Amino acid sequence: MRFGFGSSSRSGVSSVGVPATSRAAPQLTIVPTKEPFRAAPAALVKRVPFEAKGDRTPVFFLHIPRTSGASLISFMNRIYGADAVIERVEDLASVILAGRHETVRSDCLTGALPLMRWQMYRGSDAYRRVTILRDPWARLVSQINRLAILGPDGAGQDGSVARSLAAEVAAADFTSRPGLERFRRRLQPVEGGLDNLQTRMLLTGTMSAMVKPLTLRDVDKSLSNLAEFALVGFCEDQGSLQRGLLRLTEQTAALASLFESTGKAVALSPRNDLAREVLEPLFHYDQVLYTRAKAMIAARQS
């Protein structure tokens, strides 16, 4: 089986094999309609899905999966309050844009959606952008292991990208070169897939950002986009990330020793050097982006 372009699962699991948080989403007022909403595409574009309240600095956290995003969201709850942090905005926005929810007013939004898509929402410029990068090999290993833990049945519904990826992980032999090469060959870029996900989620300028063959020019574009973020943190330095968020929001809070969802090496170990060699194309551009981003942030702070 080879994967083509696929849409996200809506069964409570994101398309990248990351389960939805257990915390219930805030109850929102349903827009009463007598008939199903039938808006033209132009009308949908004019809708504003999210609006800042102005009680705190409005922040949108672009959550790249398996980069310690759950830890940052927990810290955001300390700053904004648990009921004020709106998670999985990619799912909520689709409901709002379909006319089945009113505009949501919140100063803190989080979502595992590409920057390209976030920029399409009217009103998105009102929010300061925050994201986290992670050592690309460690992130890929974590994503594969998470899919292994979930298994096909737990990853998503039939036909979803996450379920297909989990099935490939379950069938893969990560101990031999032929097995690793077979696994890599069977993967094609899909939204929420395994191929250089950090670069793809930060790419703009092309609607095919999640599936197109990447080049170094794409890394340049993703890095340029990162330069416009209010805060770029790194998974490996939680303290600096939390202090940066406090400065951005002009709030005070005790730092937290949080590092959630680290995952277990049930299918693939980060010490598997053979796997790292064979699977290198899946994180090659992410590695270039990560290295350059660290240099850019270090220069900004000096």
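# Reading the labels in a predicted model

Gln242 touches Phe75, Leu255 and Ala256, leaving out residues up to four places away in sequence. The model discussed here is predicted.

User: Where is Gln242, and why is Gln242 called buried?
Analyst: Gln242 belongs to helix H10, which covers residues 238-249. Buried means under 20% relative accessible area. Gln242 has 2% relative accessibility, so Gln242 counts as buried.

User: Is Ser124 buried or exposed, and how do you know?
Analyst: Its relative accessible area is 3%. The cut-off for buried is under 20%, so Ser124 is buried. Ser124 sits in the loop between helix H4 (115-120) and strand E6 (128-133). A polar atom of the Ser124 side chain lies 3.1 Å from the backbone oxygen of Tyr121. Beyond neighbours within four places in sequence, Ser124 is in contact with Trp118 and Gln119.

User: How many aromatic pairs are there, and why is the pair of Trp118 and Tyr127 given its name?
Analyst: A search of the whole structure finds eight aromatic pairs. For Trp118 and Tyr127, the ring centres are 6.0 Å apart and the planes stand at 75°. Centres must lie within 6.5 Å to pair, and planes over 60 degrees apart count as edge-to-face. The pair is therefore edge-to-face. Trp118 is buried, with a relative accessible area of 1%, and Tyr127 is buried at 4%.

User: What makes the pair of Trp137 and Phe283 tilted?
Analyst: The centres are 5.5 Å apart, with 40° between the planes. Stacked needs under 30 degrees and edge-to-face over 60, so an angle in the rest of the range counts as tilted. Trp137 lies in helix H5 (residues 136-155) and Phe283 in the loop between helix H11 (273-278) and helix H12 (284-301), so the pair ties together parts 146 residues apart in sequence.

User: Why is the charged end of Lys294 said to sit over the ring of Phe234?
Analyst: The charged end of Lys294 is 5.4 Å from the ring centre of Phe234.

User: What is the average pLDDT of the protein chain, and where is the pLDDT below 50?
Analyst: The protein chain averages a pLDDT of 86, and 83% of the residues score at least 70. Over residues 1-40 the pLDDT is below 50. Where pLDDT is low, the predicted coordinates should not be read in detail.

Definitions and conventions: Residues are numbered from 1 along each chain as its sequence is written. This is a predicted model: local features need pLDDT of at least 70, side-chain atom pairs count only at pLDDT 80 or more; totals for chains, interfaces and linings use all residues. Side-chain values use heavy atoms; hydrogens and water are left out. Helices (H or I, at least four residues) and strands (E, at least two) are DSSP runs, numbered from the N terminus. Buried means under 20% relative accessible area, exposed over 50%, partly exposed in between (1.4 Å probe, protein chains only). Contact means heavy atoms within 4.5 Å. pLDDT is the predictor's confidence in each residue, from 0 to 100. A polar contact is a pair of N or O atoms within 3.5 Å; within protein, one must be able to donate a hydrogen and the other to accept it, and residues adjacent in sequence count only if both atoms are side-chain atoms. A charge sits over a ring if NZ of Lys or CZ of Arg is within 6 Å of the ring centre and within 35 degrees of the ring normal.
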